[in-house]
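Biologist: Before we discuss this protein, could you show me the sequence and the model, and then take me through how its features are read?

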Amino acid sequence: MASTHQIYKLMIIAILFLSYTLTSLTENTELASVPQCKSGPHASFCNNNKESTKLKIIAIFSILVASIIGVSLPLFTQRVPALGPDRDLFVVVKALASGVILATGYMHVLPDSFYDLNSPCLPRNPWKKFPFTTFIAMLSALITLMVDSYAMSWHKKRMLKSQANVVETLESGSKELESKNGIIVADRKDDAKSQLIRHQVIAQVLELGIVVHSVVIGLAMGASDNKCTIRSLIAALCFHQLFEGMGLGGCILQAQYGKKTSWTMVFFFSVTTPLGIVLGMLLQTVYSPTSPTALIVVGVLNACSAGLLNYMALVDLLGADFLGPKLQGNMKLQTMAYVAVFLGAGGMSLMAKWA
């Protein structure tokens with residue numbers, strides 16, 4: 001699918017642009033007097049370059065394995081009848097993963113953006129005089145809605161063009177009833193096709209948002225020398241990638257992509273956080289997390305990612321499922337799904353204590 005390859009090209013360009021920007025970061029001389037804004041190592045029990053490097057290497061492989069397991073699990077379980085996309089268990093597991101994605105946006109990414117864009121290392125004007133985090137997150141959610149809407153409209157327009165001459169070729173007279181039945185069948189096929197396109201758009205947009213914040217998380221870990229922080233982050237990020245991957249994997253499964261596209265999406269999700277860690281390690285000597293440029297770039301990216309993830313979790317994942325016919329027609333299943341959502345969101349919220 002052409003649009004999928006275009007999205008991956010944009011993702012690669014964004015990552016390269018981010019790495020190029022971060023290599024050119026410089027300290028703001030007006031804020032150099034603020035102690036927490038000074039670059040360079042700080043004397044601390046937790047600051048140990050040798051130990052932190054070992055932990056980063058462990059983190060790269062641990063997070064990679066957790067990511068692969070999480071996003072691949074739904075694709076492998078499709079061969080098990082009890083775990084198919086049309087089964088109740090799949091709905092409950094997807095609700096759990098959707099709760100994790102929702103909490104990721106609200107409890108992890110959004111607070112990080114607030115912290116970055118309200119840092120004392122940034123000038124008071126304009127960063128302290130306007131709520132940039134919520135403004136950017138709002139714009140991100142609206143732009144995601146636009147992409148969602150326009151993508152669906154474009155696909156439907158293409159589908160209607162290909163079927164524009166169907167009704168004109170139907171014969172009248174004695175074949176009228178047969179023609180009507182043909183139209184009903186065609187309408188049902190159109191509905192199924194529209195639903196499939198919807199799932200494909202959701203999977204692509206969701207992966208884009210996940211990739212952005214995964215690179216930022218990995219970059220922050222890779223650039224840190226604090227072994228205490230890294231040690232707690234490893235467990236938290238493994239949990240995060242495992243269940244977030246399950247949510248994305250469920251969307252990929254419902255999108256019914258071919259093997260090449262499906263495994264390409266699995267690959268991008270799995271490697272982005274480890275890639276971010278490696279990038280942070282390479283830029284450790286020139287990258288200062290407290291420099292104004294770094295705070296602005298990372299804060300804006302986190303706000304964009306938060307708006308996208310919150311929109312996707314509430315509208316495309318939770319809203320679409322809970323207001324759909326399957327859950328609306330089964331109160332028991334709906335209750336189980338709500339319990340799963342609260343468990344996923346609660347568990348991921350608890351992780352905010354350490355990461």
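Modeller: Helices (H or I, at least four residues) and strands (E, at least two) are DSSP runs numbered from the N terminus, and in this predicted model the protein has 11 helices and zero strands. Residues are numbered from 1 along each chain as its sequence is written, and side-chain values use heavy atoms, with hydrogens and water left out. Because the model is predicted, local features need pLDDT of at least 70 and side-chain atom pairs count only at pLDDT 80 or more, whereas totals for chains, interfaces and linings use all residues.

Biologist: Which residues touch the most other members of the largest nonpolar core?

Modeller: A nonpolar core is a set of buried Ala, Val, Leu, Ile, Met, Phe, Trp, Tyr and Cys residues joined through side-chain atoms within 4.5 Å, where buried means under 20% relative accessible area, exposed over 50% and partly exposed in between, with a 1.4 Å probe and protein chains only. Here the largest core has 43 residues, and L206, L248, I252 and M312 touch the most other members. Helix α9 (292-322) is one of those that each supply at least two residues, and α9 gives the most, with nine residues.

Biologist: What does L206 touch, not counting residues up to four places away in sequence?

Modeller: Contact means heavy atoms within 4.5 Å, and by that criterion L206 touches I101, L248, C251, L309, M312 and L317.

Biologist: Is C251 buried or exposed?

Modeller: C251 is buried, with a relative accessible area of 3%, while C304 counts as partly exposed at 30%. Across the protein, buried residues make up 46% of the 355 residues.
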